[in-house]
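Here is a short briefing for a first look at this structure. Keep the sequence and the 3D view side by side as you read.

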Amino acid sequence: MVGVSDGQSSAQAPAAARTPVGRPMLSLALASMMDEVHAHSGAVYLLAPDQPVLEMAVMAGLPRAFAAPWERVGLTAPIPVADAARERRLVWVGGEEEMARHYPRIAVVLPYPFALAAVPVATESAVYGAVFVTWPGAHPPLLSDHEREHLTAACGRLAVRLERAAELSIPPHPEPDLVAAPVGGVAGTLGTVEAARMVSRLPYGLVSLDLHGRIGFVNAAAADLLNVPVSRLLGTQLWASVPWLNDPVYEDRYRAALLSQRITSFVALRPPGEWLSFRLYPSTTGLSVRITRSRAVSEMNRTVPPPDGTPSRLVTISQVLNLAGALTEAVGVQDVVQLVADEIAPAVGSQALVVLGSRANRLRVLGHRGYPDAHVVERFDGLPLSRPTPGTQVLRTGVPAFFESQEQLERLYPARLATPDGFAAWAYLPLIAQGRPVGTCVLSYAEPHHFPPDERAIMTSLAGLIAQALERALLYDAKHRLAHGLQEALLPHSLPSLPGIEAAGRYVPATQGMDIGGDFYDLVRTQGTAAAVIGDVQGHNVTAAGLMGQVRTAVRAYTAVGQEPEEVMRSTNRLLLDLGSELFASCLYLRLDPAHGRAVMSRAGHPPPLLRRPDGRVRVLDLAGGPLLGIDAGAVYPTTEVALPPGSLLVLYTDGLVESPGTDFEEAVADLCHRLADTGDQPLDDLADSLVHQERHLTDGEERLDDIALLLIRARE
């Protein structure tokens, strides 16, 4: 069955949709949509059974090679059809600039002026797939109401037909793509024999190409200019028959003309030294190419690729460009694993994958997707590299291995008989970066799978790109662990239990940089009283974290020798100046005396604390204070005494809790006061988590620009 159900009952199909499901259903629906909205290409995707993958079922208007990198895409992939199906909404991309802004991976592969609409194929209870259609670059930047309504309604009707087919257990039949047939000869191209004679007498070359780039007509002048006989040109692709045109740059001009439906031109060097001008006139059925001699352009002394007789590289180039664009978005190891799951596995028909690495001469499972039982994969973690398994062998040698059936694998590795994973074919790809293996990517197939030489070559090449991303990701994760270890070492592991005081603290790093910063808090036991401090050293890096550790240690030391709050601040200020750091720090220091119900505070450019009274009222404490620490050696930091009766709650925080772009600081503090008034009676750990969690809620793509420190202190009753 095609589609996924959300468990709701399906609405009854309209009468018009209760007709028998005919053939070719998808092709006719797509052709009708394109004709109604005057689109020049499009495709229907269907959701694969039991997999979050969209598969292209039929394409119209352009060869499938134009969309080759996206024939099978994960439902979470950042492309319009996936967004339309996943979010059940129409996605509109009005031109190449908008495509580059919202879908950069597609823009890298197809950097041409065209507009695109993607529409979900869904009923109220199930999603069956999605449709996209495209228009030339001349389409207005906005989708018209007529186009929107027609596409939405047509996809709705298609969804109802697919729903009825699923209820009858009728799977969609394979359907051929709707691409214009190749031009059949002179009469078919030019209409009359006389017209053909006229064209043959023209002094410049004329060539007619179909949508696949195959030559249907060529006049004598064009054959002379190309220096290839007419008989060798007809029925072939121009860049395949003319060796010096076998260059992706010229294929790109062909794609640009067809997709944008705009006249395109280029010049090419015919060996040994004559330049020819090619002007491409596109239509929805193919291209007319005008070839003339061009003046020599000496500065365009480009190298012509050697003739090798290989077929068009359009698909391979598109796949590599798409993957390369996606790899730039991968940061950590799990990002790389997810990228392979979303981009590579669907494209090659794999149903599961494992990414392996090594550490201390043992195999490490870095990540996996698609295995119903995680133990099947994770039991290999920690396996000695000397153990004879395909994963360790490929990791040690850097040589890929392809097993087209379970029998083939078990014949070479009999030990696998005892560890079946439920799959029937495997590709073990070495991930080699800078000449050394950094890991292995294992792609698994549910059915026996033949790996022809060209597929093996492409997969091995793609593995090289994955390896570069994995090497960067491993380094990033190592730095990330180091940063977190440093941050945890510099902050208190736990807060001391003090008489008359209950406390809870939280720290949340910024999402930019190394997830490390200069915010800190501490609670210090003193003779008969207690001291609390919170501060923010400028920056979100190792330097800020290191200086934060020095400031926190200094505050503890000055507190331990019995300095008063104002003196603690002055001493810490002088320390920062003596250290010669160019960083500043804000700080709030409290001496707590719960036995007498009071607190003495000193502030250095820090956000004011909040006090929630036992009756639930909250106020901002307007404290006297001095400048930031590390600016003025002669600065003074006056103190303020605040009553702290039992049941009172002090909230100390850094500016990351309340500040964000476009937010007014005073309004944010007022909002925090309202939340404290409503929820301040909670247990402190729950309250701390709720305050930090609310601030951590970020929209997709939004980053937290500042770290957060929070310290809650409640006077016990």
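Of the 717 residues of the protein chain, 51% count as buried. The model is predicted.

**Overall picture**
- The protein chain holds 21 helices and 28 strands.
- Take the contacts with a separation of 6 or more: 62% of them link residues 24 or more positions apart.
- The accessible surface of the protein chain is about 32,600 Å². Carbon and sulfur atoms account for 54% of that surface.

**Nonpolar cores**
- The largest nonpolar core has 63 residues. The members that touch the most other members are L54, W70, L226, L245, F278 and I291.
- Helix 11 (residues 248–260) gives the most to this core, with six residues.
- A second, separate core has 50 residues. Among them are V555, C587, V642 and L711.
- Which residues does L226 touch, leaving out those up to four places away in sequence? They are L233, L238, V242, W244, L245, F278 and I291.

**Helix 11**
- Ten of the 13 residues of helix 11 are buried, so the helix is largely enclosed by the rest of the structure.
- The buried residues are Y250, E251, D252, Y254, R255, A256, A257, L258, L259 and S260.
- At 1.5 Å a residue, the 13 residues of helix 11 should span 18 Å. The end C-alpha atoms of helix 11 are 18 Å apart, which agrees.
- Q261 follows helix 11 and has a positive phi, near 55°.

- Is strand 27 (residues 649–653) enclosed or open? Five of its five residues are buried, so strand 27 is largely enclosed by the rest of the structure.
- In a regular strand, side chains alternate between the two faces of the sheet.
- Both faces of strand 27 are covered. On one side L649, V651 and Y653 are buried, and on the other L650 and L652 are buried.
- Strand 23 (residues 610–612) runs antiparallel to strand 27, and three bridges join the two. Within this pairing, L611 has L650 as its bridge partner.
- Strand 28 (residues 708–715) also pairs with strand 27 in the antiparallel sense, over five bridges. Here L649 stands opposite R714 in strand 28.

**Cysteines**
- How many disulfides are there? The count comes to zero.
- C441 is buried, with a relative accessible area of 2%.
- C673 also counts as buried, at 12% relative accessibility. The cut-off for buried is under 20%, so both values qualify.

**T392**
- T392 sits in helix 15 (residues 390–397).
- Is T392 buried or exposed? T392 is buried, with a relative accessible area of 0%.
- Not counting residues up to four places away in sequence, T392 touches L363, L383, P384, L385 and R387.

**P420**
- P420 lies in the loop between helix 16 (406–412) and strand 16 (425–433).
- P420 and V376 are 44 residues apart along the chain, yet their C-alpha atoms are separated by 7.8 Å.
- P420 touches V376 and R379, again leaving out residues up to four places away in sequence.

Technical notes:
Residues numbered from 1 in each chain as written. Predicted model: local features only at pLDDT ≥ 70, side-chain atom pairs only at ≥ 80, totals over all residues. Heavy atoms only, no water. Buried < 20%, exposed > 50% of the residue type's maximum accessible area, 1.4 Å probe, protein only. Helix = DSSP H or I, 4+ residues; strand = E, 2+ residues; numbered from the N terminus. Pairing = 2+ DSSP bridges. Core = buried A, V, L, I, M, F, W, Y, C linked by side-chain atoms within 4.5 Å. Contact = heavy atoms within 4.5 Å. Areas by Shrake-Rupley, 256 points an atom, 1.4 Å probe, with all protein chains shown as cover. Disulfide = S-S within 2.5 Å. Expected span 1.5 Å × (residues − 1).
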